[in-house]
Protein chains: 2
Amino acid sequence: MSFEIPPSLGIHGNADIAKDILSRIWGKRGVFTCTVGNTMTSTIPGISDAGDTPELTLFTPAADAEMLVLGKTVCMKGIPINPGGIPTPATLTMAALQLSGMPLYIVDGGTKIKPNLPCFDVEGKYGESILTGKAVKNVRRSFELGKILGEMLSKTYDFVVVSESCAGGTTTALAVMMAMGVVKENLVSSSSPNNPKELKTKVVNDALAAAKIKIGSLAKDPLKAIECVGDPMMPANIGMMIGAAKRVPVIVGGGTQMAAVIAAAIALDPSIIGNITQGTTRWLVNDPNSDIRKIMASVHPDIPIVYVNMDYSESPYEGLQAYEWGYIKEGVGCGGSSVAAIAQSAGTITCKTLLDKVHEIYEKLLDL
Amino acid sequence: MSFEIPPSLGIHGNADIAKDILSRIWGKRGVFTCTVGNTMTSTIPGISDAGDTPELTLFTPAADAEMLVLGKTVCMKGIPINPGGIPTPATLTMAALQLSGMPLYIVDGGTKIKPNLPCFDVEGKYGESILTGKAVKNVRRSFELGKILGEMLSKTYDFVVVSESCAGGTTTALAVMMAMGVVKENLVSSSSPNNPKELKTKVVNDALAAAKIKIGSLAKDPLKAIECVGDPMMPANIGMMIGAAKRVPVIVGGGTQMAAVIAAAIALDPSIIGNITQGTTRWLVNDPNSDIRKIMASVHPDIPIVYVNMDYSESPYEGLQAYEWGYIKEGVGCGGSSVAAIAQSAGTITCKTLLDKVHEIYEKLLDL
C-alpha cells in the first residue's frame, strides 16, 4: 500500500486496512457524531472519575455535548473535570472540529440529564445500574433508529465518525465484552490512572450473575447483552456503524468503551469489516493500566487502530500535562475527531495545530 | 442586478432581494429540513383534507417524513393521499432531494404519531385544538432549541431550507396571523380546491375568542400567539430561521402555513430580512382560492417569493394532473426543495428533470 501516514498519526493492527481507509477519506468530507448516554452504573461510588462526585458523573455527557455545540456548558457550571481539575477531552474534540469545520451532531442515546441543544432522538432511555441485570430498555428500537441515522449520514458524507460520552462506560463495556466472550479478564481503561480494576471486576461479575449470564454465553446476541449489562450509548452507535459502514468508512472514536460497540457491531454484521477503524489517542494506546491492543486483537484482527500522536508534555498547563500521566486519555471522540480532522484536511491539520487550538480553547474556557 | 433567473423559476415580490439570495446560493451546498407536527385542530371534521379521514390527518406528517427518509411509509399503509387519491407533495420533494443529493433532516416539532426514523428533538409536544385557546406547550423551549439547530446547520452549509408537514396548518397559520394582525381576513390556502373558508374562519374566530385575543393584539408577541392558537411546527421553524439566517440565506419552503412562520420570525428578529425568501410552487402562487401574494405583501414587502414552475398538466397520471386543478399545491417543502435543488445545481436541475423524477417515484410507489 503506497499511502504514507503523516507523523501526526500512528497505526496499530492491520496496517493495510488502516491505510486503505485513510487513503479513501483523505481530503474528503466527513461528519462527526457523538452519542451521549447515562447509566446509573456511574453513580456506584468509585466506578467513574468522569465528574467531581458520583452524582455529577450524570451531568458529564450533557455538559460535554453542550461544550461541543454551544462552546459552553448550560446544564452545569464550569466544564466537566476529573476530581484533580483535569479538563474533559472535549477540549481536544472542539479543537479538531473547529479547525476542520466538520459538521457535528449529538445523538441522545438515552439520558437522565439532557443536553440543552437539539439532539437526534433514537427513543432511548437512561440506563439502570448493571447490578440490576436489566440495564437498558428499548435497545432494539434505538439500534434500528441508529441504523437509519447511519444510512442517512452515509448518503451525504464521505465518512462518518461515531463516538461517545457516557460516564461509567468502561465498566458497562467490560460487562458486555465478557457476556460476548470477547475478553475473559479485565483489560479496560479508566479516566483515572488509579484504574479501580478490582471494583470494576466485582461490579461486572455481580452484574453478569444478576443477569444469569456466563462468560461468552451471549456471543451471538450482543443486543441482549446490552439489555442486561450494557449502557444506552451502545445500541445507537452500533446501529450507526452498521448503517453507515455499508456505504462509507466509519471512524469509531473512543477507547475501550467503543471496543465493545465494535465487537457488537461486527457480531451483528461482519460485512462491515474493512470499512471500520478505531480512532483514538496515543495516550490510550500506550496506557500501562489498560490494554486496548489486546482487546482489539480479541475483537477482530482486521479492525485497525489509528491514533493521533497528541503530546501534552510541553503544555504550560498542568491540567493538560495530566493527560501524559495517565489521566483521561480518551473520550467525547477526541481521538476520532482528531484523526478525522487530519484526514479531511489531507494532513494540513497536525498535532501542532491541534495543540495550539486546544490551548486557545482551554485559555478561553478557564478565562486564563 | 445581473443575475438571470432560469425559466424553471419565477419570482414575486422584491426581485432584487430574491436575485441577490439566488446568486449567493447558486451552485452552493444547502441542507433541507422538514419539521413535522400534529395539531388536534386537523381532526375537526372538514378542516383538513391532508388525509383520507379526520383521524388519518394525524398520520400524514409522520408518513411524509418516512417517505422522504426511508422512501416508504412505516406508520401507515400506502402513501398519504387526499380523499380523491391525489398523492402527497412529498413525491416532488423526494424528486428534488434525490436529484440534488441534498442532506435531509426531519425535526420533530411535536407529534402524536412519531415518524419511524431519527428526528431532531426540540422537546415539543403535539398541539391541542386551537378551539381550546391553549394550543401549544413548550413553545419558548422549542424555539430556543430550533435556534440552536439553525445555528448548527448554518455553520456547515451555505444555505438552509426549512419546511413543514402539519395537517391543519393553514387554519393555525390564519389564527396566528390574525392574532398578530398580519391579516384581517381569511386569505389562506387549502389542500382542497373546495377550500372550506367559512369553517376555517369560524374555527379561527372561536379560537381567538377562547384565548381572549383581538385581531392584532399579539403583534409583538408571536410566541404567545402560537401558545394560544398556533401549532407545534411553528416554534421550531421560527427558531431555525432566526438561527440560520444570521449567517446564511434561508429558503422557507411552503405556502400560507409558512407565511405565519415568516411573520413571527421577522417580528422577533427583523435583522434577518434580506436573507429570507419563501420558496414555493407555481400552483400556490396562482391559486384562485387563496392569495399568498397579498399575504406576503402584508407580512413584509422585502420577503420575496421564489417559485418553481412545475406543471403537471401533461402528466399521464390523473393523481398528478389534479395539482393543476387546485389540489395540494404545496406542502412537505416541495416548492422549497425544488427551488433549492435548482439553485444548488446551478440550474442543471430543471422542471423537466424534476417531472421525470416525480414520474419515476410515483410509478415505483404505486407499483405502476
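Start by selecting A:Phe120: its bridge partner in strand 4 of chain B is B:Phe120. Now widen the selection to strand 4 of chain A and strand 4 of chain B, residues 119-121, which pair in the antiparallel sense over three bridges. Pairing here means that DSSP finds at least two bridges between the strands. Helices (H or I, at least four residues) and strands (E, at least two) are DSSP runs, numbered from the N terminus.

A word on what is on your screen: this is a predicted model, in which local features need pLDDT of at least 70 and side-chain atom pairs count only at pLDDT 80 or more, while totals for chains, interfaces and linings use all residues. Residues are numbered from 1 along each chain as its sequence is written, and chains are lettered from A and ligands numbered from 1 in the order in which they are written.

**Stop 1: where the chains meet**

A rotation of 180° with 0.0 Å of shift along its axis puts chain A on chain B, RMSD 0.0 Å. That is the relation of a two-fold axis. The superposition is by least squares on the C-alpha atoms of residues with pLDDT of at least 70 in both copies.

Next, colour the contacts between the chains: 15 residues of chain A are in contact with 15 residues of chain B. Contact means that the C-beta atoms of two residues, placed from the backbone, lie within 7 Å. On the chain A side, strand 4 (119-121) and helix 4 (139-156) are the elements that give two or more residues. Helix 4 of chain A gives the most, with five residues. Colour that side by class and you get 11 nonpolar, two polar and two charged residues. (Ala, Val, Leu, Ile, Met, Phe, Trp, Tyr, Cys and Pro count as nonpolar, Asp, Glu, Lys and Arg as charged, and the others, Gly among them, as polar.) Since 100% of the interface residues of chain A are also interface residues in chain B, the copies meet through the same surface.

**Stop 2**

Go to A:Glu123, in the loop between strand 4 and helix 4 of chain A. A:Glu123 is partly exposed, with 19 other C-beta atoms within 10 Å. The scale runs like this: 20 or more other C-beta atoms within 10 Å of a residue's own is buried, 12 or fewer is exposed, and in between is partly exposed, with C-beta atoms placed from the backbone. Hop over to B:Glu123, and phi is near 60° there too.

**Stop 3: a strand covered on both faces**

Select strand 7 of chain B, residues 250-253.

Now bring up the strands on either side. Strand 5 of chain B (residues 159-162) pairs with strand 7 of chain B in the parallel sense over three bridges, and B:Val162 stands opposite B:Val252. Strand 8 of chain B (residues 276-281) pairs with strand 7 of chain B in the parallel sense over four bridges, with B:Gln278 as the bridge partner of B:Val252. Trace the chain from strand 7 of chain B through helix 9 (residues 256-268) to strand 8, and you have followed a right-handed β-α-β crossover. Right-handed means that, with the strands pointing away from you, the path from the first strand over the helix to the second runs clockwise.

**Stop 4: into the core**

Select B:Met241. Apart from neighbours within four places in sequence, B:Met241 is in contact with B:Gly150, B:Val162, B:Val250, B:Val252, B:Val261, B:Ala265, B:Ile272 and B:Ile276. B:Met241 is also one of the residues that touch the most other members of the largest nonpolar core, which has 267 residues; A:Val176 and A:Val229 are among the others. Such a core is a set of buried Ala, Val, Leu, Ile, Met, Phe, Trp, Tyr and Cys residues joined through C-beta atoms within 7 Å.

Over in chain A, pick A:Ala179 in helix 5 (residues 169-180). Is A:Ala179 buried or exposed? A:Ala179 counts as buried, because there are 28 C-beta neighbours inside 10 Å. Leaving out neighbours within four places in sequence, the contacts of A:Ala179 include A:Leu208, A:Ile213 and A:Val229. A:Leu208 is 29 residues away in sequence, and 7.3 Å away in space, C-alpha to C-alpha.

**Last stop: out to a loop**

For contrast, click on A:Pro316, in the loop between strand 9 (305-308) and helix 12 (318-321) of chain A. A:Pro316 counts as exposed, with 10 C-beta neighbours inside 10 Å. Then zoom out: chain A has 14 helices and nine strands, and 63% of its 368 residues count as buried.
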